[in-house]
Structure formats: structure tokens, C-alpha cells
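Open the model and keep the sequence beside it.

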Amino acid sequence: CYSMDCSTSLEALFRRCQQRGITCIAITDHGTCAGGLRAREIAPFQVVVSQEVLTKEGEILGFFLEKDIPTGLTAREAVARIREQGGVVGVPHPFDQMARSSLGPEQIEALLPEIQVVEGFNARSLRPQDQVMDFGRSHGLALSAGSDAHSLWEVGNAYIDMPPFSTPQEFVASLSKGTIGGHHTPLWVHGVSAWEHLLLRLKGKKSGKPSA
């Protein structure tokens, strides 16, 4: 509920994770890591505080953050802000032409020296999984999995079985040993998300502030 297009409470999220056997979650709200910071304080399992950062060129994931990365920076500036916090740089739904906020091939190529993780499977993405996974492996990048859950029932649609970790470095190494699983989310869920976004805008909700 800290993101501008979702109303799921942290408590409901925790219950859903426990029902699905999830023992660690990266919370990647749009434009803020405030929800992840709060979740880390009260969650009954491990939380990786993260953020999906909208840059001028497209979206970037920052893992292991302690403060927000501003929206509207260049991709390179956003990467530098993530690194300043000791965070891990990732790319969500890469090359997905249906996702207008995806980084393009040229942008990813330019940032490759700074990227550590690429989303090998996104439950909402129509991009063939094998292509992205082959790209990540060929460039020595760790592969993650994202449900891209904008609603409670989507949580766990994508997941990765991986060894325990504590530090950002261990996180990347653990991802590299992980096994991705899950299934694609039906296309109609995008309509539900658009409706939810509209309702929240009508209510005057702002990114970075909880709905309750």
C-alpha cells in the first residue's frame, strides 16, 4: 500500500506469503522503499528492502536500500545512488516491448558493468523467459524472479528457491545458485491494475505514503 498502484496492506501481504510458503520477499514498490523499511521491522520472515526506480530511460531495481531513490534521474544516476547505499542493481522485465517502462537493449548494454541482477522471469511479462535467461547467463548476471504483484493473489506467481543469505554480496551469489519457478499471470490482470490505479488516484493517494 506504499506504492501508487496497489492497496495491499503489509499484514495481508505477510499472511499471503506464509500461505504460499514464502520465507523471504523483496518489496519493490514504485518510487519508494518506505514499505520495505517498515516491513523489515515487523515481518515474520526476511525482507529485502528494495525499490523500482523510474528513470528517464526506464525502470531499474535497487535491492538492499535504506532510503528512496528519486524518480526522474538518468539511469546512470540512479545506479550510482543505489551503489552509494551499498545496494544491488537489477533490471526488471528486460526487453519487454509491452512494458513501456522497460530499459531498451542499448541502455542495458551501456549499464552492463554496473548491473548485477536481471529478472529472468517476470510473471506479468510476455517476453519469452529463455531469451532473458540466456542473456543474463551470457553476461554473468544473477537471475531473479518477480511476481510483479499489484494484487494480493499475484504474490508468489513467480519465485526462486535459493540458499540463505545475509549481505548484498551473498544475495547475488545465492541468486546465481537458485532455481526459478512459477507461472504467468493472466493478461486480464492488467485491466484490474489499471482500475486500481485510477481509484487510488481519485482518492488522492501519493506514492510513498501508506493507505492506512
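Strands E2 and E3 form a hairpin, with four residues between them. In the turn, Gly 58 has a positive phi of about 145°. E2 covers residues 46–54, and E3 covers residues 59–63. The two strands pair in the antiparallel sense over five bridges. Here, two strands pair if DSSP finds at least two bridges between them. Within this pairing, Ser 50 stands opposite Phe 63 in E3.

This is a predicted model; local features need pLDDT of at least 70, side-chain atom pairs count only at pLDDT 80 or more, and totals for chains, interfaces and linings use all residues. Residues are numbered from 1 along each chain as its sequence is written, and side-chain values use heavy atoms, with hydrogens and water left out.

Helices and strands are DSSP runs, numbered from the N terminus: a helix is H or I with at least four residues, a strand is E with at least two. By that rule the protein has seven helices and eight strands.

Now turn to the other partner of E2. Strand E1, residues 24–30, runs parallel to E2 and is joined to it by seven bridges. Ala 26 stands opposite Val 48 in E2, and His 30 stands opposite Glu 52 in E2.

How many of the nine residues of E2 are buried? Seven are, so the strand is mostly covered. Buried means under 20% relative accessible area, exposed means over 50%, and partly exposed lies in between (1.4 Å probe, protein chains only).

Gln 51 lies in strand E2. It counts as buried because its relative accessible area is 0%. Which backbone oxygen lies 2.8 Å from a polar atom of the Gln 51 side chain? That of Ile 69. The pair is a polar contact, that is, two N or O atoms within 3.5 Å; within protein, one must be able to donate a hydrogen and the other to accept it, and residues adjacent in sequence count only if both atoms are side-chain atoms. Gln 51 also has a list of contacts (heavy atoms within 4.5 Å). Leaving aside neighbours within four places in sequence, its partners include Ile 27, Thr 28, Asp 29, Leu 61, Leu 65 and Ile 69.

The backbone nitrogen of His 30 lies 3.1 Å from a polar atom of the side chain of Ser 3. Ser 3 sits in the segment before H1. With a relative accessible area of 3%, Ser 3 is buried.

Helix H1 spans residues 10–19. Not counting residues up to four places away in sequence, Phe 14 touches Ala 39, Ile 42, Ala 43, Pro 44 and Phe 45. The C-alpha atoms of Phe 14 and Ala 39 are separated by 8.8 Å, and the two residues are 25 apart along the chain. Gln 19 is also found in H1. At 62% relative accessibility, Gln 19 counts as exposed. Gln 19 and Gly 156 are 137 residues apart in sequence, yet 9.9 Å apart in space, C-alpha to C-alpha.

Aromatic rings come next. Rings of Phe, Tyr and Trp (its six-membered ring) pair if their centres lie within 6.5 Å; planes under 30 degrees apart count as stacked, over 60 as edge-to-face and the rest as tilted. By this rule the count comes to six aromatic pairs. The rings of Phe 95 and Phe 135 have their centres 5.0 Å apart and their planes at 90°, so this pair is edge-to-face. The pair links distant parts of the chain, 40 residues apart: Phe 95 is in the loop between strand E4 and helix H4, and Phe 135 is in helix H5. Phe 95 is buried at 15% relative accessible area, and Phe 135 is buried at 14%. Elsewhere, Phe 63, Phe 64, Phe 165 and Phe 171 form one aromatic cluster.

Last, the whole chain. Buried residues make up 49% of the 212 residues in the protein. Among contacts with a separation of 6 or more, 59% join residues 24 or more positions apart.
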